[in-house]
Amino acid sequence: MGRLENKVIIVTGAATGLGLADARALIAEGARVIMTDIDVDKGTEEAKDLDATFFSQDVSKESSWLELMTFVQEKFGRLDGLVNNAGIAPIAHIEEVTAESWRQVLGIHLDGTLWGCQGAIKLMKEGGGGSIVNMSSTAALIGIGSYLAYSAAKGGIRSMTKSIAIHCRQKKLNIRCNSVHPGSINTAMVQHALKELVGKDLLAEEDPEKTRIEMGIGEPDDVAHMIVYLMSDESKHVNGAEMVVDNGDTVI
Ligand SMILES: NC(=O)c1ccc[n+]([C@@H]2O[C@H](COP(=O)([O-])OP(=O)(O)OC[C@H]3O[C@@H](n4cnc5c(N)ncnc54)[C@H](O)[C@@H]3O)[C@@H](O)[C@H]2O)c1
């Protein structure tokens with residue numbers, strides 16, 4: 001028996017990177033996973049490989065969440081877990097950020113997380129409980145100069161998570177809500193950031209594994225193991241917590 005046998009779990013932004021690693025790890029523990037993404041081609045292909053279900057979604061749209069929850073209710077009849085993982089990280093500091101970019105980042109991270117949590121709680125209540133994970137970042141704990149909107153959005157996710165957690169506890173809903181705060185993890189998002197900020201893709205050079213370790217960059221599975229724990233009943237006493245996965249970056 002896996003640690004998540006028969007649990008029905010949604011992972012957003014699951015076509016690549018952390019979301020894909022999460023989906024793979026959850027399925028390996030017996031979960032039935034609905035992978036959502038705005039990238040339909042890649043999402044469909046990866047879901048097929050994993051024998052998972054793909055749902056095309058733009059998380060920033062409330063309507064996409066209503067459609068997704070109806071789909072999950074009709075196909076699976078319940079919802080046990082939600083990983084609000086989809087995200088973007090455009091580089092822009094306070095002096096250069098535009099209204100368009102600000103709204104896009106907040107729309108995907110904050111609106112997406114908000115409507116996801118609201119829809120999930122409705123379904124989870126009917127099923128007797130569940131677990132929600134909101135993907136934040138160490139940017140929520142320290143702030144990053146070159147990522148103004150991203151830092152603000154991730155900080156918002158951190159406190160939104162605590163508000164939801166305490167509401168669910170007070171209402172005795174048996175729904176837990178936690179945030180996860182990775183440091184740098186080797187995905188397309190970080191590879192792109194390195195190219196933009198350092199001028200070259202260090203992780204594609206001669207010995208990428210050596211570079212990754214020297215730079216203190218983690219692997220997607222480092223986060224996926226945390227997601228499996230938070231989705232499982234092993235974490236039943238963990239609620240409103242901020243789980244940092246950064247190999248000590250924020251304590252140095
Ligand atoms: N990689 C890191 O170092 C790191 C660190 C801290 C936090 N995070 C967070 O983890 C999450 C995943 O990051 P990643 O590194 O895997 O990024 P990634 O860019 O590799 O993957 C992000 C995925 O989200 C999808 N997506 C983007 N906009 C979407 C939308 N509107 N609706 C649905 N899907 C959408 C993309 O198509 C892509 O598949 C993000 O929330 C990110 O902010 C990542």
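**Strands, helices and backbone exceptions in a predicted model**

Colleague: In which loop is Asn 174 placed?

Modeller: In this predicted model, Asn 174 has a positive phi of about 60 degrees although it is not a glycine. Its place is in the loop between α6 and β6 (175–182).

Colleague: Is Asn 174 buried or exposed?

Modeller: The relative accessible area of Asn 174 is 56%. The cut-off for an exposed residue is over 50%. Asn 174 is therefore classed as exposed.

Colleague: Which segment holds Asn 247, and is that residue buried or exposed?

Modeller: Phi of Asn 247 is near 50 degrees, a positive value in a residue other than glycine. Asn 247 is found in the segment after β7. With a relative accessibility of 74%, Asn 247 counts as exposed.

Colleague: Which residue of β3 is the bridge partner of Thr 36?

Modeller: Strand β2 (residues 32–37) pairs with β3 in the parallel sense, over four bridges. The bridge partner of Thr 36 in β3 is Phe 55.

Colleague: How many residues of β1 are buried?

Modeller: In a regular strand, side chains alternate between the two faces of the sheet. On one side of β1, Val 8, Ile 10 and Thr 12 are buried, and on the other Ile 9 and Val 11 are buried, so that both faces are covered. The strand is largely enclosed by the rest of the structure, because its buried residues number five of five.

Colleague: How far apart are the end C-alpha atoms of helix α1?

Modeller: Helix α1 (residues 17–28) has 12 residues and, at 1.5 Å a residue, should span 16 Å. The computed separation of its end C-alpha atoms agrees with this, at 17 Å.

Colleague: Is α1 roughly parallel or oblique to α9?

Modeller: Helix α1 packs against helix α9 (residues 220–231) at an angle of about 50 degrees, with the axes 8 Å apart. Residues making the contact include Leu 18 and Ala 25 of α1 and Val 223 and Ile 227 of α9. The angle therefore makes the relation of α1 to α9 oblique.

Colleague: How are α4 and α6 oriented, roughly parallel or roughly antiparallel?

Modeller: The axes of helix α4 (residues 99–127) and helix α6 (residues 148–170) come within 8 Å and cross at roughly 15 degrees. Angles under 35 degrees count as roughly parallel. The orientation of α4 to α6 is therefore roughly parallel.

Colleague: Which hand has the crossing of α4 and α6?

Modeller: The contact between these helices is made by residues including Trp 102 and Leu 106 of α4 and Tyr 150 and Ile 157 of α6. The crossing of α4 and α6 is right-handed.

How values were computed:
Residues are numbered from 1 along each chain as its sequence is written. This is a predicted model: local features need pLDDT of at least 70, side-chain atom pairs count only at pLDDT 80 or more; totals for chains, interfaces and linings use all residues. Side-chain values use heavy atoms; hydrogens and water are left out. Two strands pair if DSSP finds at least two bridges between them. Helices (H or I, at least four residues) and strands (E, at least two) are DSSP runs, numbered from the N terminus. The expected span of a helix is 1.5 Å times one less than its number of residues. Axes are lines fitted to C-alpha atoms, for helices over the stretch in contact, and angles run from 0 to 180 degrees between N-to-C directions. Angles under 35 degrees count as roughly parallel, over 145 as roughly antiparallel, 65 to 115 as roughly perpendicular and the rest as oblique. Contact means heavy atoms within 4.5 Å. Buried means under 20% relative accessible area, exposed over 50%, partly exposed in between (1.4 Å probe, protein chains only). A crossing is left-handed if the near helix is turned anticlockwise from the far one by less than a right angle, and right-handed if clockwise.
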